[in-house]
Every structure is written in C-alpha cells, then in structure tokens.
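Trainee: I am new to this structure and would like to learn how to read it. Could you walk me through a few features?

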Amino acid sequence: MPKSNFALSTTPAEEIRSLPIPDSGFTVAIPMEGRIPSVSLNQYVSKGKAVGLHPSMEKGHVHASVDGKVTHVSLDFVILSAEEIP
C-alpha cells in the first residue's frame with residue numbers, strides 16, 4: 001500500500017493582494033440576530049451608521065458596511081443596496 005505524502009506549507013502560491021470594493025451594484029444582507037432594526041425602508045445610510053440596536057448592553061449594535069439604500073427591513077435582516085448617497 002502506498003504511503004500518503006503530506007506537505008504543509010505557509011508560503012502562499014502567489015502574492016497576497018487587496019482587491020478593490022465596487023462602489024455600487026451589489027447588496028449587503030446584515031443579520032439582526034436579536035437586534036432591533038433602526039432604519040426604515042428606502043432610507044439612505046452611510047457606512048458605519050447603526051442599522052440594528054441590541055436591547056441590552058451585552059451585545060453591540062450592527063452597522064452598515066457600505067453607503068447605500070435600505071431595500072428590506074425585518075427582524076431577521078436589513079438589506080442594503082450599495083449606491084451613492086444623494
């Protein structure tokens with residue numbers, strides 16, 4: 001029976017590089033996980049704005065990761081469409 005040959009390496013196959021994030025044309029779903037949505041449908045939000053507030057101090061609030069427009073609000077998710085804020 002042939003032996004298995006394992007090789008562990010920490011050297012990446014190619015250089016690690018940053019990729020640009022598109023300014024618009026994609027959506028972001030932010031899970032509420034027990035938080036209360038603090039935005040309303042069709043509202044424009046800036047990156048970093050709190051979109052879900054936790055009722056206790058044990059967990060933090062959740063914030064928008066992009067500039068955009070709120071396209072869905074529920075107790076489960078807030079969905080943002082990434083776009084420029086007018």
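Mentor: Gladly! Let's start with serine 74, which sits in the loop between strand 6 (68-73) and strand 7; strands here are DSSP runs of E, at least two residues, numbered from the N terminus. This is a predicted model, where local features need pLDDT of at least 70, side-chain atom pairs count only at pLDDT 80 or more, and totals for chains, interfaces and linings use all residues. Residues are numbered from 1 along each chain as its sequence is written, and side-chain values use heavy atoms, with hydrogens and water left out.

Trainee: Why does serine 74 count as partly exposed?

Mentor: Buried means under 20% relative accessible area, exposed over 50%, and partly exposed in between (1.4 Å probe, protein chains only). Serine 74 counts as partly exposed because its relative accessibility is 22%.

Trainee: Which residues is serine 74 in contact with, leaving aside neighbours within four places in sequence?

Mentor: Contact means heavy atoms within 4.5 Å. With those neighbours left aside, serine 74 is in contact with Met32 and Pro37. Serine 74 and proline 37 are 37 residues apart in sequence, yet 7.2 Å apart in space, C-alpha to C-alpha.

Trainee: And how do I read the core?

Mentor: In soluble globular proteins, nonpolar side chains tend to be buried together. A nonpolar core is a set of buried Ala, Val, Leu, Ile, Met, Phe, Trp, Tyr and Cys residues joined through side-chain atoms within 4.5 Å. Here the largest one has 13 residues, and Ile30, Val51, Val78 and Leu80 have the most contacts inside it. Strand 1 (27-31) and strand 7 (77-82) each supply at least two residues of this core.

Key
Helix = DSSP H or I, 4+ residues; strand = E, 2+ residues; numbered from the N terminus.
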